[in-house]
Amino acid sequence: MKVLLIVPAYNEEKNIAQTVARIRQAQQAQAGGMELDYVVINDGSSDGTERICRENGFHYVTLIENLGIGGAVQTGYLYAQQHGYDVAVQFDGDGQHDIDSLPQLLAPIVAGEADFTVGSRFVRKDASGFQSTAARRMGIHLLSALIHRVTHQRILDVTSGFRAASRKVIGVFAADYPVDYPEPESLISVHQHGFRIREVPVNMFERAGGVSSINLFKSVYYMIKVTLAILCAAARKEAAGK
């Protein structure tokens with residue numbers, strides 16, 4: 001099974017070398033017939049991210065301008081589709097995702113039990129590791145409730161960027177992927193295409209270095225935009241059923 005880690009990176013010069021080093025360690029330890037690969041999507045970074053990728057011989061694609069997380073991740077799905085990967089995994093370049101949790105994330109897809117998996121900080125009560133601030137957890141809970149209303153499926157960590165997509169889902173995302181803060185919106189798309197979604201427990205860390213691009217203003221914008229997108233999806237579904 002060919003597995004691609006899509007690593008979106010915008011101004012991640014403090015983190016990208018360490019992130020790729022962890023991936024390379026996992027490549028050396030891979031077993032069970034899995035062929036693990038990665039590609040860094042340098043999203044028009046203005047710092048030394050591209051230089052570090054080039055000097056260290058990383059596999060990377062550089063976008064000539066900053067497209068945002070949605071555009072960067074969709075570029076990764078296009079890459080996965082064009083190179084014939086069986087599974088694509090979104091794996092952040094800031095050091096927050098635990099490569100040791102990759103087997104759990106892939107297991108339902110490998111077993112044929114799911115088409116899309118979401119790595120969750122909240123699905124297991126005794127899960128350790130970083131779980132974000134209380135305010136963000138409250139926002140995630142509200143978005144989870146909205147998505148449950150639309151899909152009738154309970155997904156706790158709807159903003160998780162640690163996700164795995166089967167070949168069929170790769171094809172959908174390569175053709176159409178939300179632009180801004182796409183994680184919750186893309187769950188709606190996966191559901192509407194009839195794919196099976198499974199949430200699995202994973203470990204995550206605090207950002208290794210640098211500063212998150214999501215500030216207070218962007219957090220408010222995020223909640224408004226995603227909430228409206230989910231409600232619009234619900235309205236379209238209701239109208240289609242009449």
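Colleague: Among contacts between residues at least 6 apart in sequence, what share joins residues at least 24 apart?

Modeller: This is a predicted model, and in it 74% of the contacts between residues at least 6 apart in sequence join residues at least 24 apart.

Colleague: How many helices and strands are there in the protein?

Modeller: The protein has eight helices and seven strands, and of its 242 residues 48% count as buried.

Colleague: And what about the surface, how much of it belongs to carbon and sulfur atoms?

Modeller: The accessible surface comes to about 11,600 Å², and carbon and sulfur atoms account for 54% of that.

Colleague: Switching to S101, where is it placed?

Modeller: S101 sits in the loop between strand 4 (87-90) and helix 4 (102-110).

Colleague: Is S101 buried or exposed?

Modeller: S101 is buried, because its relative accessible area is 3%, which is under the 20% cut-off.

Colleague: Which residues is S101 in contact with, leaving aside its neighbours within four places in sequence?

Modeller: Those contacts are with F162, V202 and N203; with N203, the C-alpha to C-alpha distance is 6.4 Å, although S101 and N203 are 102 residues apart in sequence.

Colleague: New topic, aromatics: how many aromatic pairs does the structure hold?

Modeller: The structure holds five aromatic pairs. In one of them, the rings of Y77 and Y177 have their centres 5.7 Å apart, and because their planes are at 50° the pair is tilted.

Colleague: Where do Y77 and Y177 lie?

Modeller: Y77 lies in helix 3 (residues 68-82) and Y177 in the loop between helix 6 (167-175) and helix 7 (183-192), so the pair ties together parts that are 100 residues apart in sequence. Y77 counts as buried at 0% relative accessibility, and Y177 counts as buried at 4%.

Colleague: What about F116 and F173, at what angle are their planes?

Modeller: Their planes are at 90°, so the pair is edge-to-face, with the ring centres 5.9 Å apart. This pair also links distant parts of the chain, since F116 is in strand 5 (residues 116-120) and F173 is in helix 6, 57 residues apart. F116 is buried with a relative accessible area of 0%, and F173 is buried with 1%.

Colleague: Which residues do ring pairs link into a cluster?

Modeller: Y77, F116, F173 and Y177 are linked into a cluster by ring pairs.

Colleague: Last one, where does K2 lie?

Modeller: K2 lies over the face of Y85, at 4.8 Å from the ring centre.

Methods. Residues numbered from 1 in each chain as written. Predicted model: local features only at pLDDT ≥ 70, side-chain atom pairs only at ≥ 80, totals over all residues. Heavy atoms only, no water. Helix = DSSP H or I, 4+ residues; strand = E, 2+ residues; numbered from the N terminus. Buried < 20%, exposed > 50% of the residue type's maximum accessible area, 1.4 Å probe, protein only. Contact = heavy atoms within 4.5 Å. Areas by Shrake-Rupley, 256 points an atom, 1.4 Å probe, with all protein chains shown as cover. Phe/Tyr/Trp six-rings, centres within 6.5 Å; stacked < 30°, edge-to-face > 60°. Lys NZ or Arg CZ within 6 Å of the ring centre and 35° of its normal.
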